[in-house]
Amino acid sequence: MSTFEPKIVAFCCEQSGFPAAEMAKTLKLKMPDNLELVPVPCSGRIETLYLLKALESGADGVVVFACYEENCKYMQGNVRLKSRVGYAKQIMTKIGLEQERLEIFHVATNSGVKFSEFLMQKADQLRLLGPNLGKMA
Amino acid sequence: MIKAEQKPFEEILEYLAPYNKILLSGCGACVTVCHAGGEKEGALLASALRMARQKIGKPLEILESTPARQCEPEFAQELSDTIGRVQAVLSVSCGVGVQTLARHFPETQIFPGVNTSFMGETVAHGVWEERCQACGDCILEKTAGVCPIARCAKQLLNGPCGGSSNGKCEIKRETDCAWQLIFDRSKSLGQLHRLTEIIPAKQWGVQSRDSGPRRIVREDLKV
Amino acid sequence: MYQTVYESKTTAPAPIHLKPEVLIIGGGIVGMTVARELAREGVQVVIAEKGETLGGGAGDLRFFYDRPADVRKWMGELISALEGEGNIHVLKGAKLKRLDGQLGRFQALISTGDGKERTLSPSAVVVATGCITLPAEAMGDGSGCIGSSEMEKLLAESRDLPLAWKGQPLKTVTFILDLTNDDIKIHTVNAIKQAVILQEKGCRVAVVARDLKVSASGMERLYRRAREKGVLFFKYDDPPVVSRSGGGISVEVQDMSVLRKEERETVSLPSDLLVIGETFAADPETLELCRVMKLRAGADGALMGDNPQLLRVMSNRRGIFLAGACRFPQVITESLSEAHAVVQEVKALFHGGAYVPANPVAEVDPLKCAVCYTCVRLCPHAAIGVERYGERNVYSAPAEKDGDTLWGAARVDTAACFGCGICVAECPAKAITLYQ
């Protein structure tokens, strides 16, 4: 079997996920090889469409790093995002894509270690799952 | 306005099985407002369809276009160039839009992507309820602004029936009994006495669609 | 395309002029303090007080916990300073009926007790409406048990006289804390403050609490003084048991100073009088105000809750500030700190005379807008309204163009937008763009 390195698209909320990513980078923590970070002002900015488009455009897994509930700077952005992830997962079931390919992970600004650990675990999980068969060539 | 719901995904896949290049046509009006069609939901459906077809090794090319509405001839014409380049059209507009396109493009398959459900009201964000069934002869003046045709399971004109219980309908327990609502509202309007007036049976064959599809003409507007 | 979070625009949104006018809702100590400080800076202030007198919830207080001054005297001085100030206009019997507009140009419709209505147009609004107190939960048959505001009154009225309660000399008092509102400090502060005064007058005082919340400026010192004077403190896990026998009340509490639960003894405190704090609750009128002002209220009615991302006195709307007990019941010194914080924020906002939108701002394309109200409902900052400004729209056919018709469409106010992008993601017509 060829060495498949899963592509992960990580949407990072600028209030939590992105600072956590910066912290992980400063501490030189391990990151998956094929990682694309997309910073957003609030996880509430992430449209359901973007979650699917990321998969369609080549991602094997999509992760959203969002603030903990109650901690959203814009009150309910992360709550809206949660509903959208639920909707996207329903669509993924209908297409036949595995649920593990989309996940929300809650972080705070100082979660550099959690950020790195979660991504590495996700990469391992996706490696076992195999490539996303729905992505356009 | 018109409320609709996206058709089951498997059904849409079945319609599109013989094709490999289609247009997904949205509508910027009613289906946008109820989040069933329109640009956002259309794009979502297109993305899902592409991935589903990619997965089974039969890629499907989807062009996306969302005219402001699909029920006027001009809006349908806006799509003619694009339609010329595809094999079929999946329209996520209401049944009217699908048929408008069908009439203008007799050589192209136009598939419905949503089930047009009812004319309804937004009761809360994301929750829509049936309010009107276009009977063609509105009796809301007699029923304190609550329609028994659309909201009574039995379409009673002089209800309630014996099954009305605690303000709920015996057919669907979660549904409010329309005649309870009519009673309550008549009371708050000080018009309970109106309920003693018998509302005659509707002339379904004359006023409504029982003698075929209806037509409205305004002679003064005709060009 | 999923990486497209913002679009760029060459023209920046126009600055919003801010005239130095502020509306303060609530004429308690917080409202008055904000008014006084802002007026000194030349800001025109209107206080809309719903009652007939100024003073608010602090009216029951007589003693400060951290200084010897008399609260009523201090309050009186505050009120007369206000009345002498030209930049402050006080409306009594005033109620906010409607609030339109945004930062820099709010339109506030206020009705006053005399039946008149007026429209004010402040640049910013401060909400300082306080909270309410419910009567203290009686224990047992209710007699011999009073609330802390009654004790405050008793102590104030018996300045130089020996203490008496219902004609009998008052020898022992027990305070029971944390039966309600166990997450606020006020009861602890009042109890220790009153305990010190009582002990100094020769009373034997015990304070029974789940937690002694001394995390307020000067409270550790006051607690120490109370201990030195001989006030007894007991902590409990299980609430104390109150029983009445003969002419007195007995409070039974476990002695928690012993580590092993089995070895704990029950201490019995005979008391002439019990003091229990009144329950603080959100004012239902404040919740109605939230609806009028489109402010976010927490589950328990407290405004804005405990969001770590937001400065304490900020609300969900730019230009509207919150301070004092309407946020949650606070010790007077902390309420005043919040008042000062609001003054700082307003000064910073007004500095320069205009608000220049700095964050990304959302913009609606009126041509695509189907007026579904999704964005209006979901904007956490109440920044979006529907206005007639579109030349064309989804509901007009291409051939149709009536020269004068302007179509309704959603519009994002650039002064009120925080650039979160929630509306952009929710719009079913993809009619909204976030511009940097």
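**Domains, an interface and a sheet in the predicted model**

Chain B is divided by the domain assignment into domain 1, residues 2-117, and domain 2, residues 134-208. The structure described here is a predicted model. Between domain 1 of chain B and domain 2 of chain B, the C-alpha centres are separated by 37 Å.

Chain B also touches chain A. To this contact chain A contributes 15 residues and chain B contributes 11 residues. On the side of chain B that touches chain A, helix H3 of chain B (residues 38-55) supplies the largest share, with 10 residues. By residue class, this side of chain B consists of 6 nonpolar, 3 charged and 2 polar residues.

In chain C, 5 strands form an open sheet. Strands of a sheet are joined through backbone hydrogen bonds, and the pairing may be parallel or antiparallel. In the sheet of chain C the pairing is parallel, and the strands follow the order S4-S3-S2-S8-S21. Strand S4 (88-91) and strand S21 (320-322) of chain C are the edge strands, each pairing on one side only. From one strand to the next, the twist averages 20°.

One of the pairings in chain C can be followed at the level of residues. Strand S2 of chain C covers residues 21-25 and strand S3 of chain C covers residues 44-48; the two pair in the parallel sense over 5 bridges. Within this pair, Glu21(C) has Gln44(C) in S3(C) as its bridge partner.

Methods: Residues numbered from 1 in each chain as written. Chains lettered and ligands numbered in written order. Predicted model: local features only at pLDDT ≥ 70, side-chain atom pairs only at ≥ 80, totals over all residues. Pairing = 2+ DSSP bridges. Helix = DSSP H or I, 4+ residues; strand = E, 2+ residues; numbered from the N terminus. Axes fitted to C-alpha atoms, helices over the stretch in contact; angles between N-to-C directions. Contact = placed C-beta atoms within 7 Å. Nonpolar A, V, L, I, M, F, W, Y, C, P; charged D, E, K, R; others polar. Domains from an automatic or database assignment.
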